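Please look at the sequence and the model together, and keep both in view while reading the report that follows.

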Amino acid sequence: MVTLEIPSDYGYVILVSVGSAFVNTWMAMKVGAARRKYEIKYPIMYSDSNNVFNCIQRAHQNFLENYTQFQVLLLLGGIHYPRLGAAAGLVWLLGRIVYTIGYSTGDPQKRMRGGFQYVGLLFLLYSSVHFGVGLLGWI
């Protein structure tokens, strides 16, 4: 049996996790504003004629597609490395913001400016795997 103690620095991880909800809300608000501006009514997900709206919608949709794995890796990997995990989570979130700003221009190539987000995600993946194998006594 393994006893788990949550380090006090884990509070940083929790704050980054909560902060990600604000990033998600900001993106959702961008989609809502674009719906009004370009008159794209619900339940239409993507426009046949407005690429800018589609890019804004796609940026948020892509965030949602990756949000669960981010949260799991942040919350698990952050147990073992709370400060570095929180920093990696911030890098991912900042990358997502830059990705969204670039994509929202209507030029999909500009989303690539946020590619640095993967540095944070890779660290979260590493720290989660390291935590898991450590619990199993493999290292």
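## A side chain that meets the backbone

Which polar atom lies 2.6 Å from the backbone nitrogen of S47? It belongs to the side chain of N54, and a pair of this kind is called a polar contact (N or O atoms within 3.5 Å, where within protein one must be able to donate a hydrogen and the other to accept it, and where residues adjacent in sequence count only if both atoms are side-chain atoms). This is a predicted model, in which local features need pLDDT of at least 70 and side-chain atom pairs count only at pLDDT 80 or more, while totals for chains, interfaces and linings use all residues. Residues are numbered from 1 along each chain as its sequence is written, and side-chain values use heavy atoms, with hydrogens and water left out.

N54 sits in helix α2, which covers residues 51-80; helices here are DSSP runs of H or I with at least four residues, numbered from the N terminus. Leaving aside neighbours within four places in sequence, N54 is in contact (heavy atoms within 4.5 Å) with Y46 and S47. N54 counts as buried because its relative accessible area is 16%, given that buried means under 20%, exposed over 50% and partly exposed in between, with a 1.4 Å probe and protein chains only.

Helix α1 (residues 10-38) has 29 residues and reaches 43 Å from its first C-alpha to its last, close to the expected 42 Å, where the expected span is 1.5 Å times one less than the number of residues. Its buried residues, among them Y10, V13, V16 and S17, pack against α2 and α3 (82-103). After α1 comes E39, with a positive phi near 55°.

The 30 residues of α2 should span 44 Å, and the end C-alpha atoms are 43 Å apart, which agrees. The N-terminal end of α2 is capped by N50, a side-chain oxygen of which lies 3.1 Å from the backbone nitrogen of V52. At N66, α2 bends by about 40°, the bend being the angle between axes fitted to the seven residues ending there and the seven starting there.

## Charged pairs

Side chains of opposite charge can pair when their charged atoms come close. Counting a side-chain nitrogen of Lys or Arg within 4 Å of a carboxyl oxygen of Asp or Glu as a salt bridge, there are two salt bridges.

One of them joins D9 and R83 at 2.9 Å, N to O, and this pair links distant parts of the chain, since D9 is in the segment before α1 and R83 is in helix α3, 74 residues apart. R58 and E65 also meet in a salt bridge, at 3.0 Å, N to O; R58 counts as partly exposed because its relative accessibility is 24%.

Conventions:
Helices (H or I, at least four residues) and strands (E, at least two) are DSSP runs, numbered from the N terminus.
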